[in-house]
Amino acid sequence: MQKLLKYIVVVLVVGGMFQQDASAREKPHDRIYTVVVDRFLNADESNDVNVTDDETEPLPFGGDFRGIQENLEYIHDMGFDTLMLSPVFERSAEDYLGYDVESYGEIEESFGGAEGFQSLVDAAHEMDMKVVVDMPASAVEGYETLQDPELNQLQQEYYSEIGDVEFIDLSVPENQDAYREMAQSFVDEFGIDGLSMNVVQDGVDAREFMPEGVTTYGILGSEPVGAEGFDHVASESMRQDVAEAFSTTDKAIPSYPEDGQMLLADHWFTERFTMHAAGENMFPGTRIQQLTAYLYGYPGPISFQYGTEVALNGDTIPAVHRQMDLWTDQEVVDYIKQINTVFTQHKQLLGGEMTELKADGSGHYVVRYDTADIDFILNINDTSRTENFNVPLEADDRGKMMSGMLIGDKLRAAEGQDSYNAVLDREEAELYAITEETGLNNGYVYAGLIIFGGFGIFIWIVAKRRKPKEDM
């Protein structure tokens, strides 16, 4: 009976700890998984139009809303709480990406139509995932057109393949009003959470043409383009810095921005991140793991393109939009899931005060997150050698330990020392929680106690029930 009481106490205490942390675990920043609808999975062949099996052809592969919906759990398990889709509007029959818009008032039937789209949005919401849709600036009848759009190389390749597409001049007030009304109607009808835009016009202000009540993201595909009014912007210069930093070892890792911009290594109008690793003759899986650790540690929105986790490659249209392969590179997917598990258990770190401890251009990056309850250290060693770093002790750190949650290191400051000595092998990342010596703040310990406690209760009950029969 005393053992049973002990198990019950453990379960209640640990359960109470989880309950106290519930509010801290609300994700303060979007973790976005971007999907080219046509390239993810063809789950309904009945709606196929102009579908090809030739990956060198810029024609549809038949991907649809149902294919994404059937794999929401896969996306969610990697830690993504936001789904960003390529354009979903009625498009020309030979356009796989969705920017050759024929009608903003209709959802593309070959994707599953309005019913299939609503089903995907509802299913995502049931999993507490948000849905963002990329809004084209492609002109249809009634819009005044832009004379000189700013297009990067891949955009030029894409638009030359699909034909003569004109763009809406979003500086014209009449265009702004019409576009906002259209976008607002779309958001209201389907319950969309956010809108993104690959901006092709310099100097636009999203507040003049985007609807209210949704989060907006501006993706700047080339350096001449600047934009205002978006909730979050992804700059091309920062994207290039991130991609190049993790292409190989011993390169400067960019400091985390403080302006709330969106971090990403690629999107559907850039070369694939894997191209950078391949160009450096580096193993893509390790490069993706290091990139993931960096992105997940950023206290701001991040974007992760479909297929990055399985090392999809390419740098031209349509090679950058290869068919998704859900059954390769399971090791990398498992690593991303592990990182998600750790960061999910300690979401409060993304809402804390962040201090950069090391960013010297060598490929070794260390930051500290101070929160109201537990403090954390993210240590990314993206060099070609083992690195050690002395993490300075703050006043509240005395008598505590650094408990690693990705690799499992346990570090203690020696008597009289004023720092923890963190040693990390090449191309590894570790997230430490600074905890009491008991280490009970580690989520894995909590989970283990609950599991083994419950199992102990089960064994005790079975034994009690069998005892009278054995005594007979």
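A search of the whole structure, a predicted model, finds 26 aromatic pairs. Rings of Phe, Tyr and Trp (its six-membered ring) pair if their centres lie within 6.5 Å; planes under 30 degrees apart count as stacked, over 60 as edge-to-face and the rest as tilted. Two edge-to-face pairs are listed here.

| Pair | Centre to centre | Angle between planes |
|---|---|---|
| Phe89 and Tyr104 | 5.4 Å | 65° |
| Tyr158 and Tyr159 | 4.9 Å | 70° |

Phe89 belongs to strand 3 (residues 89-91) and Tyr104 to strand 4 (residues 101-107), so their pair ties together parts that are 15 residues apart in sequence. Helices (H or I, at least four residues) and strands (E, at least two) are DSSP runs, numbered from the N terminus. Phe89 and Tyr104 are both buried, where buried means under 20% relative accessible area (1.4 Å probe, protein chains only). Tyr158 is buried at a relative accessible area of 0%, and Tyr159 counts as buried at 9%. Ring pairs also link a cluster whose members include Phe65, Phe89, Tyr104, Phe111 and Phe230.

Helix 10 (residues 284-296) and helix 11 (residues 330-345) pack at an angle of about 15°, with axes 10 Å apart. Axes are lines fitted to C-alpha atoms over the stretch in contact, and angles run from 0 to 180 degrees between N-to-C directions. The two helices are therefore roughly parallel, a term for angles under 35 degrees.

Residues are numbered from 1 along each chain as its sequence is written. Local features need pLDDT of at least 70, side-chain atom pairs count only at pLDDT 80 or more, totals for chains, interfaces and linings use all residues, and side-chain values use heavy atoms, with hydrogens and water left out.

Key: Angles under 35 degrees count as roughly parallel, over 145 as roughly antiparallel, 65 to 115 as roughly perpendicular and the rest as oblique. Buried means under 20% relative accessible area, exposed over 50%, partly exposed in between (1.4 Å probe, protein chains only).
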